[in-house]
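This note is written for a reader who is meeting the structure for the first time. Please keep the sequence and the model at hand while going through the numbered points.

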Amino acid sequence: AGIDRERATPSSTLPPAPPWREGEHTTHFAVIDSDGNAVAATLSLNMMFGAAFTVPGTGVLLNDEMDDFAAEIDGSNAYGLHGSSANAIAGGKRPLSSMSPTFIESAEEFAAFGTPGGSRIPSMVLLSALSYLDREPVQAWPATPRYHHQYLPDVLQYEAGAFTPAQLEALRARGHHPRLIERDYGNQQVLYWHKPSGRVQAASDPRGIGRALRVPPLTPAQ
């Protein structure tokens with residue numbers, strides 16, 4: 001609408017482009033259309049530049065999800081996850097994956113969850129789903145303070161604000177090893193559909209760069 005086909009717009013009158021950095025992490029999106037069809041999709045190159053191989057003529061990088069297999073049964077992968085013989089590389093197998101696009105649905109409600117974050121994905125999705133089940137507002141689901149334990153290493157990672165000092169003391173008394181994570185992680189995207197009213201809400205992780213777009217209400221379910 002701002003383009004005049006008959007006259008060039010002087011560059012000096014245009015505002016500078018806002019700074020933008022897309023990031024180098026896994027991407028998740030949650031989408032619902034006017035008919036109530038929904039998608040929760042987590043897509044990843046895994047590590048930086050994936051397999052470092054581009055499909056000729058496409059510009060599409062291939063991932064290096066082979067790292068999700070246990071290349072060394074007694075070793076661990078880039079996320080510190082320890083291997084097992086069940087996850088050994090073999091033809092016809094899928095590797096263990098932390099990606100967890102999730103739906104929760106009932107006759108009256110529908111919710112979708114998902115996030116990047118490597119081995120921390122399952123705990124992030126679980127905490128967000130628990131916020132939904134606790135009837136927290138949609139904006140609170142991806143914003144809830146996070147904690148994570150993946151068995152090995154035997155460390156309970158947590159964000160600032162996830163535990164009170166008394167809770168940390170109680171966890172240590174029970175033999176846990178809490179460790180504060182100094183940086184944000186994850187970029188969760190969620191949506192909620194209240195079927196009787198048709199109301200749809202979405203929220204994006206305040207730690208990340210995602211964006212929640214408003215959609216008109218759906219036709220109420222009969």
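This is a predicted model: local features need pLDDT of at least 70, side-chain atom pairs count only at pLDDT 80 or more; totals for chains, interfaces and linings use all residues.

1. Two elements, β1 (27-32) and β2 (38-43), each give two or more residues to the nonpolar patch. Phe 29 belongs to strand β1. Is Phe 29 buried or partly exposed? Phe 29 has a relative accessible area of 37% and is therefore partly exposed, since buried would require a value under 20% and exposed a value over 50%.

2. Ala 86 sits in the loop between β2 and β3. Its relative accessibility is 63%, so Ala 86 counts as exposed, the cut-off being over 50%. Ala 86 and Leu 96 are 10 residues apart along the chain, and their C-alpha atoms are separated by 9.3 Å.

3. Overall plan. The protein contains 2 helices and 9 strands. Read from the N terminus, the elements follow the order β-β-β-β-α-β-β-α-β-β-β. The C-alpha trace spans about 70 × 50 × 40 Å along its principal axes. The protein has 222 residues, of which 34% count as buried. Its accessible surface comes to about 14500 Å², and 56% of this belongs to carbon and sulfur atoms. When contacts between residues at least 6 apart in sequence are considered, 44% of them join residues at least 24 apart.

4. How many of the residues of β4 are buried? The count is 5 of 5, and the strand is thus described as mostly covered. Glu 109, Ala 111 and Phe 113 point one way from β4, while Phe 110 and Ala 112 point the other way; all are buried. On one side of the pairing, β3 and β4 run antiparallel and are joined by 4 bridges, with a hairpin of 3 residues connecting β3 to β4. Within this pair, Ile 104 stands opposite Ala 111 of β4. β4 is also joined to β8 by 4 bridges, again in antiparallel fashion. Here Ala 111 has Tyr 192 of β8 as its bridge partner, and Glu 109 is bridged to His 194 of β8. The student may wish to locate Ala 111 in the model, as it has a partner in β8 and also stands opposite Ile 104.

5. β8 runs antiparallel to strand β9 (residues 199-204), and 6 bridges join the two. In this pair, Val 190 stands opposite Ala 203 of β9. The hairpin of β8 and β9 has 4 residues between the strands, and in it Gly 198 takes a positive phi near 80°.

6. Helix α1. This helix covers residues 121-133, which makes 13 residues; from its first C-alpha to its last it reaches 18 Å, close to the 18 Å expected at 1.5 Å a residue. Which residues of α1 are buried? They are Ile 121, Ser 123, Met 124, Val 125, Leu 127, Ser 128, Ala 129, Ser 131 and Tyr 132. The cover over the buried residues of α1 includes β3 (102-105), β4 (109-113), β5 (147-148) and β8 (189-194). After α1 comes Arg 135, whose phi is positive, near 65°.

7. The open sheet. Three strands form an open sheet in the order β5-β6-β7, with mixed pairing. Why is one side of β5 and of β7 (178-180) left without a neighbour in the sheet? Both strands stand at the edges and each has a single partner strand, so one side of each has no neighbour there. β5 pairs with strand β6 (residues 156-158) in the antiparallel sense over 2 bridges. In this pairing, Tyr 147 stands opposite Tyr 158 of β6.

Note on methods: Residues are numbered from 1 along each chain as its sequence is written. Side-chain values use heavy atoms; hydrogens and water are left out. The expected span of a helix is 1.5 Å times one less than its number of residues. Buried means under 20% relative accessible area, exposed over 50%, partly exposed in between (1.4 Å probe, protein chains only). Contact means heavy atoms within 4.5 Å. Two strands pair if DSSP finds at least two bridges between them. Accessible areas come from the Shrake-Rupley method with a 1.4 Å probe; for residues, only the protein chains shown count as cover.
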